[in-house]
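Take a look at the chain shown below, and keep the sequence at hand while reading. The text starts with the chain as a whole and then turns to particular parts.

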Amino acid sequence: MLIKLYADNPDYRLLTRLVDQLRDGEIFIYPTASGYAYCCDALNARAIEELCRLKGIDVRKKSLSMACHSLSQVSEYCKMNDRAFKFIKEHEVNYTFILPASGALPRIFKHRREVGVRLAQHPIGQLLSEHLGNPLITASLPIEDRDEPEYVTNPELIDERFGSFVSGIFDAGDIPLAPSTVVDCTEEPFEILRYGHGRLADEEPLIKQE
């Protein structure tokens, strides 16, 4: 089912219902700065397990990333020193940051010493996370046929392929795939684990290449 939610003028009755569904453990597909992705409430263990089942991964072995609506929300679940805070603040768009986990992580992540975090850049993701009050677990859609990338970029085709597996798909129009740059911020100097669409300045004194 395609869902139209306008972040600049949301239907708050619809938003409240969607947030309640997320809190109850339902899974959606939503737009991000990197393309469409699965999402669920990061504090609902049952939802995370179901999302992992959809992805065909083991949550105990595969890293998942959280999308937060603000740096203050990141600080609730991760440890950041001043340099990490400054770096993340300056590199918000199309980045995933690996940070030391705090004790506030959901029980399903208790075995993890670190966690991947993104700042939600798409207005719909920001709206959902802010009103939910929790981060969103975010996981990319599987690309089964690389000759047909529109099946993970076009909401109507996404609905055709994945609609029966989720509670709804937020329709934000076509969104091209733009994988994030992954930076390990657990130790200094910070380390680039994967180059993506996140832009680095010509000189980054805290960054080393893999």
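In this predicted model, 60% of the contacts in the chain with a separation of 6 or more join residues 24 or more positions apart. The chain contains six helices and 11 strands. Its radius of gyration is 17 Å, which agrees with the value near 17 Å that a compact globule of 210 residues would have. The C-alpha trace spans about 45 × 40 × 35 Å along its principal axes. Of the 210 residues, 51% are buried. The accessible surface of the chain is about 10,900 Å², and carbon and sulfur atoms provide 45% of that area.

Helix α2 covers residues 45-55, and its buried residues are A47, I48, L51, C52 and L54. Why do these lie on the same side of α2? Around the helix axis they take up an arc of only 155°, and therefore they share one side. What do the buried residues of α2 pack against? Their partners are two strands, β3 (35-41) and β7 (136-140). On the face turned away from the buried side, α2 carries the exposed residues R46 and R53.

Just after the helix comes G56, which has a positive phi of about 70°.

I88 belongs to helix α4, residues 82-90. Is I88 buried or exposed? I88 has a relative accessible area of 1%, and because buried means under 20%, I88 counts as buried. Leaving out residues up to four places away in sequence, I88 touches L71, M80, F97, L99 and L119. Y77 is 11 residues from I88 along the chain, and the C-alpha atoms of the two are separated by 15 Å.

The other residue, T96, sits in strand β5, which runs over residues 95-100. T96 is buried as well, with a relative accessible area of 9%. Again leaving out residues up to four places away in sequence, T96 touches S65, G116, V117, R118, S180, T181, V182 and V183.

Key: Residues numbered from 1 in each chain as written. Predicted model: local features only at pLDDT ≥ 70, side-chain atom pairs only at ≥ 80, totals over all residues. Heavy atoms only, no water. Buried < 20%, exposed > 50% of the residue type's maximum accessible area, 1.4 Å probe, protein only. Helix = DSSP H or I, 4+ residues; strand = E, 2+ residues; numbered from the N terminus. Arc of directions from axis to C-beta. Contact = heavy atoms within 4.5 Å. Rg over C-alpha atoms; globule rule 2.2 N^0.38 Å. Areas by Shrake-Rupley, 256 points an atom, 1.4 Å probe, with all protein chains shown as cover.
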